[in-house]
Amino acid sequence: MRILFLTHSFNSLAQRLYAELTERGHEVSIELDINDAVTIEAARLYEPDVIVAPYLRRAIPEAVWRNHLCLVVHPGIQGDRGPSALDWAILRGEREWGVTVLQADAEMDAGDVWAEARFPMRAARKSSLYRNEVTEAAVAAVLQALERLQHKIFAPEPLDYGRADVRGRRHPLIRQCDRAIDWLRDDTDTVLKKIRAADGAPGVEDELLGRRCRLYDACEEDGLRGEPGAVIARRDGAICRATRDGAVWIGHLKPIIPGEPALKLPASTVLGTALSGVPEIPAPLHAPAPLRTFREIRYEERNAVGYLHFDFYNGAMSTGQCARLRAAYEYARGRPTRVIALVGGPDFWSNGIHLNVIEAADSPADESWRNINAMNDLARAILTTDSHLTIAALQGNAGAGGAFLALAADRVCARRGVVLNPHYKGMGNLYGSEYWTYLLPKRIGRERALAITENRLPLSAPAAKRLGLIDECFGDDLADFGRRIVERAETLARDPALGERLAAKRAARAHDETEKPLEAYRAEELEHMKRNFYGFDPSYHVARYEFVFKRLPAWTPLHLAGHRRANTPAKIQ
Ligand code: COA
């Protein structure tokens with residue numbers, strides 16, 4: 001089918017749907033929901049069989065839904081209506097939630113129901129639920145709706161609140177007063193629920209050490225205690241705040257400064273000197289997992305396998321985070337194990353350099369330079385490891401430098417639902433580093449490497465596997481993927497031929513080094529990056545500014561809007 005995506009942004013859910021539908025042979029073109037005239041024009045240009053709206057923030061114009069079948073993905077169960085579906089579901093403590101595919105008509109979220117998929121709720125951030133459970137359910141429901149449409153075997157059902165199985169209801173737009181935390185009264189669970197229901201946007205408005213800000217990125221703390229509301233500790237950029245029956249960590253804040261755009265940043269960066277006197281309490285790297293506290297980097301070891309977890313908020317890796325991860329990696333490399341699995345975090349593996357921290361720096365160019373070098377140092381440490389076999393285990397998505405960092409490992413495995421964006425160009429023509437000019441062609445050849453980096457389109461894990469970009473893809477969900485990674489890593493560690501494998505790895509690296517030293521790749525890449533950061537063309541700085549402040553584009557980029565392009569990009573086989 002010819003499918004037009006109408007979407008507020010080409011976000012992770014839209015990318016995953018795009019990958020799933022194109023995999024199944026559908027032709028998909030994308031239009032960002034900029035204004036009614038643009039949407040009407042896109043529908044006229046493309047003449048789609050159906051319009052799918054994966055992520056919309058406003059109604060589809062009547063001229064479009066009257067003339068085209070429009071299927072809207074709503075992140076709520078049947079009957080749920082309103083713009084804060086997941087936020088309310090988390091705050092109400094729903095045990096089961098879902099996604100409904102509705103036909104657009106005059107009333108928002110009230111059209112006929114084409115499909116619904118449900119999932120058990122998890123105590124997690126709204127953004128994490130969205131990237132995992134909601135995305136999986138949306139894929140299932142959209143595929144079912146399209147199947148029903150294609151085979152004309154189904155008449156969509158009008159929303160009927162009289163039916164016992166229609167549990168959802170209409171809910172208003174959630175306000176900050178619905179989210180407000182009362183630090184003297186709310187218990188830890190309530191505080192966590194409120195912050196999670198507002199994460200990644202818009203955050204919970206609050207006052208912290210005399211400053212108005214929005215709170216994000218909360219997790220529970222098992223040990224520390226203090227006066228309710230007091231800031232009692234800090235660690236790696238996060239702060240710990242006491243509740244009436246425990247404490248929570250808050251990783252990120254956005255200052256509220258009237259009339260000024262604000263950035264989401266590590267809490268300690270926002271609070272600065274206000275934190276003097278608050279003790280920095282480090283967390284052990286190598287400690288049992290059930291200890292609930294804030295730990296971005298964690299190491300565990302079983303049966304000759306070292307597992308390095310690095311759960312950086314949004315997958316963004318600042319200079320400091322890269323350095324800490326490299327130190328942890330060196331620790332793992334020094335252990336008497338045989339395999340190291342780099343397991344990232346459950347939401348993201350990595351999205352490369354930390355664009356928000358860079359934006360907030362006194363000199364964004366200098367900070368970009370420091371950050372990319374710290375990423376490169378980490379990539380080199382992985383690439384030159386000859387004592388262990390390394391596995392990049394992608395539970396979550398990876399983009400830009402983060403996707404290339406994964407290729408530094410000997411084996412790359414991804415969960416089936418993962419989406420990869422192995423390209424930099426969308427960020428103001430950024431050239432990229434992380435030894436990608438060595439790693440990418442080595443895996444998939446020059447021609448495909450060029451197509452991938454130029455096309456700037458997301459790849460599903462199965463498509464990446466077919467291309468040879470990654471080695472394996474498996475696992476229906478996080479738990480299944482985790483189990484199977486352990487199986488594979490332990491099998492490798494037990495393999496009597498491991499010594500030979502390591503010898504072959506050393507020989508291959510030595511051969512490549514004589515052909516062209518790693519440092520030559522790095523130096524060439526950094527020459528380009530220097531021009532990106534310090535040259536006359538400000539595209540990277542402009543693109544970064546627009547990305548971190550979430551400026552809406554004035555038009556849909558042509559690499560997405562096939563219907564506006566004269567030539568289609570090279571197909572990657
Ligand atoms: N630095 C800082 N923040 C980043 C980031 C980065 N490298 N990559 C993603 N984020 C943040 C986004 O700003 C967003 O923040 P929010 O919590 O305030 O909403 C959040 O992560 C999720 O990103 P989003 O774009 O909504 O996620 P997605 O899954 O839909 O898209 C990417 C994933 C990777 C395609 C997209 O985030 C992206 O292009 N990131 C930039 C990658 C990059 O250019 N890195 C620098 C070069 S190495």
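Tyr435 counts as buried at 0% relative accessibility, where buried means under 20% relative accessible area, exposed means over 50% and partly exposed lies in between, computed with a 1.4 Å probe and protein chains only. This is a predicted model, in which local features need pLDDT of at least 70 and side-chain atom pairs count only at pLDDT 80 or more, while totals for chains, interfaces and linings use all residues. Residues are numbered from 1 along each chain as its sequence is written, and side-chain values use heavy atoms, with hydrogens and water left out.

Tyr435 is placed in the loop between strand E20 (419-421) and H13; helices (H or I, at least four residues) and strands (E, at least two) are DSSP runs numbered from the N terminus. Although Tyr435 is not a glycine, its phi is positive, at about 60 degrees. Helix H13 (residues 436-444) has 7 of its 9 residues buried, so it is largely enclosed by the rest of the structure. The buried residues of H13 are Trp436, Thr437, Tyr438, Leu439, Leu440, Pro441 and Ile444. Their cover includes helix H11 (364-383), helix H12 (401-406), helix H14 (446-455), helix H15 (461-467), helix H17 (498-515) and helix H18 (518-534), on the basis of contact, meaning heavy atoms within 4.5 Å. After H13 comes Gly445, whose phi is positive, near 85 degrees.

**Backbone features in other loops**

Another residue with a positive phi that is not a glycine is Ala304, at about 70 degrees. Ala304 belongs to the loop between strand E13 (297-302) and strand E14 (305-310), and it is partly exposed, with a relative accessible area of 29%.

The loop between helix H7 (188-197) and strand E7 (204-208) contains Gly200, and Pro202 is found in the loop between H7 and E7 as well. A cis peptide bond joins Asp199 to Gly200, with omega about -5 degrees, and a cis peptide bond also joins Ala201 to Pro202, with omega about 5 degrees.

Thr188 is found in helix H7 and counts as buried at 10% relative accessibility. Its side chain is joined to that of Thr243 by a polar contact of 2.7 Å, a polar contact being a pair of N or O atoms within 3.5 Å of which, within protein, one must be able to donate a hydrogen and the other to accept it, while residues adjacent in sequence count only if both atoms are side-chain atoms. With neighbours within four places in sequence left aside, Thr188 is in contact with Thr243, Asp245, Gly246, Ala247 and Val248.

Ala145 has its place in helix H5 (residues 126-150) and is buried, with a relative accessible area of 0%. Residues up to four places away in sequence not being counted, Ala145 touches Leu71, Val101, Trp114 and Ala115. Between Ala145 and Thr100 the separation is 45 residues in sequence and 9.9 Å in space, C-alpha to C-alpha.

**Domains and the ligand**

The protein chain is divided into domain 1 (2-151), domain 2 (176-275) and domain 3 (297-537), with bounds that come from an automatic or database domain assignment. The C-alpha centres of domain 1 and domain 2 lie 32 Å apart, and 10 residues of domain 1 are in contact with 12 residues of domain 2.

Of the 22 residues around the ligand, Ser12, Lys264, Asn314, Ile353 and Leu355 come nearest, a residue being near a molecule or strand if one of its heavy atoms lies within 4 Å of it.

| Residue | Ligand atom | Distance |
|---|---|---|
| Ser12 | oxygen | 2.7 Å |
| Asn351 | nitrogen | 3.0 Å |
| Ile353 | nitrogen | 2.8 Å |

Taken alone the ligand exposes 860 Å², of which the protein buries 84%, the accessible areas coming from the Shrake-Rupley method with a 1.4 Å probe, and for residues only the protein chains shown count as cover. Helix H1 (12-23) and helix H10 (355-360) are the elements that give two or more residues to the shell around the ligand. At least three residues of this shell are drawn from each of domain 1 (2-151) and domain 3 (297-537). The shell divides into 9 nonpolar, 10 polar and 3 charged residues, where Ala, Val, Leu, Ile, Met, Phe, Trp, Tyr, Cys and Pro count as nonpolar, Asp, Glu, Lys and Arg as charged, and the others, Gly among them, as polar.
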